[in-house]
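Colleague: I have the model open and would like to go through it with you. Could we take it piece by piece?

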Amino acid sequence: MGLDWIGFGYAALVASGGIMGYAKAGSVPSLAAGLLFGGLAGLGAYQLSQDPKNIWLSLFASGTLTAIMGVRFYNSRKFMPAGLVAGASLLMVGRLGLKMINEKAHER
């Protein structure tokens, strides 16, 4: 089993986005949400690295961010940061969904 580099990269993107939101606009909610969801995504990537069937925390973090940032992008029509995070989160949800399907197929 190798490390989930894509998952760790996604976690770094989310956490750095929160840090950038704080640095540019002084937004404490952006910092808190970025670090919280980046941490959850990082922990989920670690869990996925240990056990390929353990996708639930990663799926929760990316699914929640897909919904929240997707609504923000829909309302603002601004790609940065809402569109970028929504798109990356949607790709993660798709990737994790494919992992689930592949794991189910290998069980048979």
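Colleague: Where is the place of Pro-81?

Modeller: Pro-81 sits in helix α4, and please keep in mind throughout that this is a predicted model. The peptide bond leading from Met-80 into Pro-81 is cis in the model, with omega near -5°.

Colleague: And Ala-82, is that buried or exposed?

Modeller: Ala-82, which also lies in helix α4, counts as buried because its relative accessibility is 4%. Leaving aside neighbours within four places in sequence, Ala-82 is in contact with Met-69, Arg-72 and Phe-73.

Colleague: How many residues apart in sequence are Ala-82 and Leu-65?

Modeller: Ala-82 and Leu-65 are 17 residues apart in sequence, and their C-alpha atoms are 9.5 Å apart in space.

Colleague: What about Arg-77, where does that lie?

Modeller: Arg-77 lies in the loop between α3 and α4, and its phi is positive, about 60°, although the residue is not a glycine. With a relative accessible area of 55%, Arg-77 is exposed, since the cut-off for that class is over 50%.

Colleague: Changing topic, what does UniProt place on this chain?

Modeller: The UniProt entry, which is unreviewed, places the feature "transmembrane region" at residues 7-25, 31-48, 55-73 and 79-98. In the model, residues 7-25 are 100% helix and 0% strand, with the end C-alpha atoms 27 Å apart. Residues 79-98 are likewise 100% helix and 0% strand, and there the end C-alpha atoms are 26 Å apart.

Colleague: Which residues of α1 are buried?

Modeller: The buried residues of α1 are Gly-7, Tyr-10, Ala-11, Val-14, Ala-15, Gly-18 and Gly-21. They cover an arc of only 125° around the axis, which means that they are on the same side of α1. On the other side of α1, the exposed residues are Trp-5, Ile-6, Ala-23 and Lys-24.

Colleague: What covers the buried residues of α1?

Modeller: The cover over the buried residues of α1 includes α2 (28-50), α3 (56-76) and α4 (79-107).

Colleague: Then Tyr-22, what is that in contact with, leaving aside its neighbours within four places in sequence?

Modeller: Tyr-22, in helix α1, is in contact with Ser-27, Val-28 and Leu-31 on that basis. At 41% relative accessibility Tyr-22 counts as partly exposed. Tyr-22 and Ala-32 are 10 residues apart in sequence, with 9.1 Å between their C-alpha atoms. Just after α1, Gly-26 takes a positive phi of about 70°.

Colleague: One more, at the other end of that helix: where is Asp-4 found?

Modeller: Asp-4 is found in the segment before α1 (5-25). Its relative accessibility is 6%, and Asp-4 therefore counts as buried.

Colleague: Which side chain does the side chain of Asp-4 join in a polar contact?

Modeller: The side chain of Asp-4 makes a polar contact of 2.5 Å with the side chain of Arg-95. Not counting residues up to four places away in sequence, Asp-4 touches Ala-45, Leu-48 and Ser-49 as well as Arg-95.

Definitions and conventions. Residues numbered from 1 in each chain as written. Predicted model: local features only at pLDDT ≥ 70, side-chain atom pairs only at ≥ 80, totals over all residues. Heavy atoms only, no water. UniProt positions renumbered as here; feature names shortened; annotations may be inferred. Helix = DSSP H or I, 4+ residues; strand = E, 2+ residues; numbered from the N terminus. Buried < 20%, exposed > 50% of the residue type's maximum accessible area, 1.4 Å probe, protein only. Polar contact = N/O pair within 3.5 Å; in protein donor to acceptor, adjacent residues only side chain to side chain. Contact = heavy atoms within 4.5 Å. Arc of directions from axis to C-beta.
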